[in-house]
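Reader: Please show the sequence and the structure. I would like to go through strand pairing, charged contacts and aromatic contacts in turn.

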Amino acid sequence: NSVPADAATGVVVSANIILTFSNALAGDAEKGILLVNADTFAPVAVSRTIDTARKVVTLNPTSNLGAATDYIVVVHDVVDIHGQTLANTVINFTTA
């Protein structure tokens with residue numbers, strides 16, 4: 001589950017990206033979650049936090065996102081506490 005949802009439009013430029021997983025993530029697994037500019041593929045600087053249950057990851061961009069810009073959240077090589085590698089996932093959204 002993600003906020004914003006895949007294919008969302010009109011996302012506020014100050015929004016955080018919140019990803020919720022069914023299983024708890026392994027230690028440091030959240031580092032495999034990236035935010036990139038869809039046009040340039042340049043990574044966006046974010047701080048990553050994870051809740052104590054290790055199921056909710058929040059990406060907080062260090063500065064506001066660009067207006068009317070497409071972004072991609074990439075979930076790559078993320079492992080849960082059971083050692084299962086999650087399916088690689090791409091979430092697209094566009095800011096207002």
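Reader: Which residue in β6 is the bridge partner of Ile-18?

Author: This is a predicted model, in which local features need pLDDT of at least 70, side-chain atom pairs count only at pLDDT 80 or more, and totals for chains, interfaces and linings use all residues. Residues are numbered from 1 along each chain as its sequence is written, and side-chain values use heavy atoms, with hydrogens and water left out. Strands are DSSP runs (E, at least two residues), numbered from the N terminus, and two of them pair if DSSP finds at least two bridges between them. Strand β3 (residues 17–20) pairs with strand β6 (residues 56–61) in the antiparallel sense over 4 bridges, and in β6 the partner of Ile-18 is Thr-58.

Reader: Which residue in β6 does Ser-47 stand opposite?

Author: Strand β5 (residues 46–50) runs antiparallel to β6, with 5 bridges joining the two. They form a hairpin with 5 residues between them, and Arg-54 in that turn has a positive phi of about 65 degrees. Within β6, the residue opposite Ser-47 is Asn-60.

Reader: With which side chain does Glu-30 meet in a salt bridge?

Author: A salt bridge here is a side-chain nitrogen of Lys or Arg within 4 Å of a carboxyl oxygen of Asp or Glu, and the whole structure has 2 of them. The one involving Glu-30 has an N to O distance of 3.0 Å. It links the loop between β3 and β4 (33–37) to the loop between β5 and β6, 24 residues apart. The partner of Glu-30 is Arg-54.

Reader: Is Glu-30 buried or exposed?

Author: Buried means under 20% relative accessible area, exposed over 50%, and partly exposed in between (1.4 Å probe, protein chains only). Arg-54, at 22%, is partly exposed. Glu-30 has a relative accessible area of 10%, so this residue is buried.

Reader: How far apart are the closest N and O atoms of Lys-31 and Asp-28?

Author: Lys-31 counts as exposed, at 56% relative accessibility. Lys-31 forms a salt bridge with Asp-28, and the closest N and O atoms are apart by 3.8 Å.

Reader: How are the rings of Tyr-71 and Phe-93 arranged?

Author: Rings of Phe, Tyr and Trp (its six-membered ring) pair if their centres lie within 6.5 Å; planes under 30 degrees apart count as stacked, over 60 as edge-to-face and the rest as tilted. By this rule there is 1 aromatic pair. The ring centres of Tyr-71 and Phe-93 are 5.7 Å apart and the planes are at 25 degrees, so the pair is stacked.
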